[in-house]
Amino acid sequence: MTERTFSIIKPDATKRNLTGKVNAVIEDAGLRIVAQRRIQLSRAQAEKFYEIHKERPFFGELVDFMISAPVVVQVLEGENAVARYRDVMGATNPAQAADGTIRKLFAESVGENSVHGSDSAENAAIEIVQFFTDDQIVG
Ligand code: CMP
């Protein structure tokens, strides 16, 4: 089933000029980048995006990090895109990520872990509309 997922290339990766290298891993995995924009997140946008984590002890640190430099927001399309991208990203903690995954290759820590990907198709839809209108996604 062709589906879409939402991705963020995080500040640790954009700061190190890794956008192209991350995108190469995404494309080599058979996912198509059907929308992409480099933006500076506002604090309000980051807080809304990570609302489900607002009671977590790391919430403040997470929001500070996400607004510390530009991010690249993306829509990825492909067969089982949500699960496929989660495989391509690797475990949240790079110390546990499998070889060849984006986080194993590039992430610095559990917080500065280079990429975000939606955890379900339902959340992908919720996340995509926060950053893209339908006409900005060209499949
Ligand atoms: P992400 O997929 O963007 O969704 C929530 C994020 O919280 C997660 O990736 C991690 O980057 C971050 N996170 C999870 N655990 C911790 C932690 N212990 N300290 C800091 N950030 C964390």
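Modeller: A charge sits over a ring if NZ of Lys or CZ of Arg is within 6 Å of the ring centre and within 35 degrees of the ring normal. This is a predicted model, in which local features need pLDDT of at least 70, side-chain atom pairs count only at pLDDT 80 or more, and totals for chains, interfaces and linings use all residues. Residues are numbered from 1 along each chain as its sequence is written, and side-chain values use heavy atoms, with hydrogens and water left out.

Biologist: Over the ring of which residue does the charged end of Arg-37 sit?

Modeller: The charged end of Arg-37 lies 5.0 Å from the ring centre. The ring concerned belongs to Phe-132.

Biologist: How many aromatic pairs does the structure hold?

Modeller: Rings of Phe, Tyr and Trp (its six-membered ring) pair if their centres lie within 6.5 Å; planes under 30 degrees apart count as stacked, over 60 as edge-to-face and the rest as tilted. By this criterion, the number of aromatic pairs is four.

Biologist: Why is the pair of Phe-6 and Phe-49 tilted?

Modeller: The ring centres of Phe-6 and Phe-49 are 5.7 Å apart. The pair is tilted because its planes stand at 55°.

Biologist: Is Phe-6 buried or exposed?

Modeller: Buried means under 20% relative accessible area, exposed over 50%, and partly exposed in between (1.4 Å probe, protein chains only). Phe-6 has a relative accessible area of 0%, so Phe-6 is buried.
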